[in-house]
Amino acid sequence: MPRDQLLTELRDRIATHARPDFRSAFDGLALSKVESSDPEYSLTEPLLVVMAQGAKRLLLGDEVFDYRAGELFVVTTDLPVSGYFVGASAQTPALGLGLALRAEAIATLLLQAPSVRRTGAGARRATSIAIGPASAEILDATVRLLRLLETPADLAVLGPLIERELLWRLLTGPHGDVIRQIGLADSSLSHVNRAIRWIRDNYAEPLRVADLADLAGMSTAAFHRHFRDITNLSPLQFQKRIRLQEARSLLAAHPRDIAGVGHLVGYDSPSQFNREYRRLFGVPPGADAARLRAD
C-alpha cells in the first residue's frame, strides 16, 4: 500500500480507537487524540511515537524538537519535557501513536542478530532523542497492529510479533544507533540511566553528583558530560524539573497546601519553591493550583 494511504488509514484508526486516558488493549501501546494546544509537562519513558496528524513542539532544556504527521519521534530514557501540539483543535485534532521501547525486547534482538550490535560512526556521542520520516515499513506495521485492536484474540498472539517487527525496523533503520543504546548493558546510556532512575525515584532527597557518578560507574567529569549529552540538563537541573512537575501534580489534589507540597518534593524554602515554580510554569503555585482545579 502506498505511504500516503497507510498514513490515512493510520489516522482513521487512531481517531476511532483513541481514549481519554490514551491506553489501548495492547500493553505498551498508547493512542492520542488531542484537541488543544495547551502546554504539557511530563516525564517521558523510552518510547516510539508515530505522528499521524498535526505537529508537536517539544522542549528539553534549551533545545527544541519539532515533529509532524508522517514523522517518528524516538526517546530513549526518562526525561522531564514540556511541549504542545501546534494548532490542535476539535476540528483538526493531533493524532499519534506511542509504543513503549522495552530494553529486554531490544536486547533479545541484539543477541539474536549480532550484526545489528555494531555501532556506526554517528553513535560516538550518546543521545536520547531522534526524529525523522516514518518509513513505509514502519507505517505498515503500525497500521497492522491497530487493525488487531478489533480482533482481541488475534491481538494477543500477533501483537507481540508486530511489536518485534517494529523494533527490528528501528534497529536496522537510520536511527539504529540510538535504539541500540537502550538494549546494550554497556552503553553510556545504560550507565547514565542508573543515575536517572535514582533521581526519578528519590527526587526529594539531596543530590551529590559524585555519588551519581559512582552509581553510573564513571568519573565525575565523564558522568557530567554524558548526562548532559543525554538529557540536555545538568543532574541538578534534571532533579529540579522532576520536583516541580511532581509538585504540579500534587497541587491539583492539594491546592491549599502550597508550602506542604513544596516541602514534600524537597524544598525547605517556600520562597525558593514559589520562585522556581513560577519560572518554569509562568505563574505562582497558588494561581496554577486554582487553574488546575478549575480545569
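## Pocket beside α9

Helix α9 gives the largest share of the lining of the second largest pocket, 6 residues. Helices (H or I, at least four residues) and strands (E, at least two) are DSSP runs, numbered from the N terminus. A pocket is an open set of points on a 1 Å grid over the protein atoms alone, where a 1.4 Å probe fits, with protein on both sides within 12 Å along at least five of seven lines. Lining residues have an atom within 4 Å of a point.

The second largest pocket holds about 260 Å³ of space. Volume here is the space filled by probe spheres set on the points, with grid points joined across faces, edges and corners. Both β2 and α9 (235-253) give two or more residues to this lining. Lining residues include Tyr41, Ser42, Leu43, Arg200, Tyr203 and Arg248. The lining divides into 6 nonpolar, 3 polar and 3 charged residues. Ala, Val, Leu, Ile, Met, Phe, Trp, Tyr, Cys and Pro count as nonpolar, Asp, Glu, Lys and Arg as charged, and the others, Gly among them, as polar.

## Basis of the model

The model is predicted: local features need pLDDT of at least 70, side-chain atom pairs count only at pLDDT 80 or more, and totals for chains, interfaces and linings use all residues. Residues are numbered from 1 along each chain as its sequence is written, and side-chain values use heavy atoms, without hydrogens and water.

## Largest pocket

The largest pocket holds about 690 Å³. It is lined by 30 residues. Phe22, Ala30, Leu47, Val49 and Lys56 lie nearest its centre. Strand β1 gives the largest share of this lining, 5 residues. The lining divides into 18 nonpolar, 7 polar and 5 charged residues.
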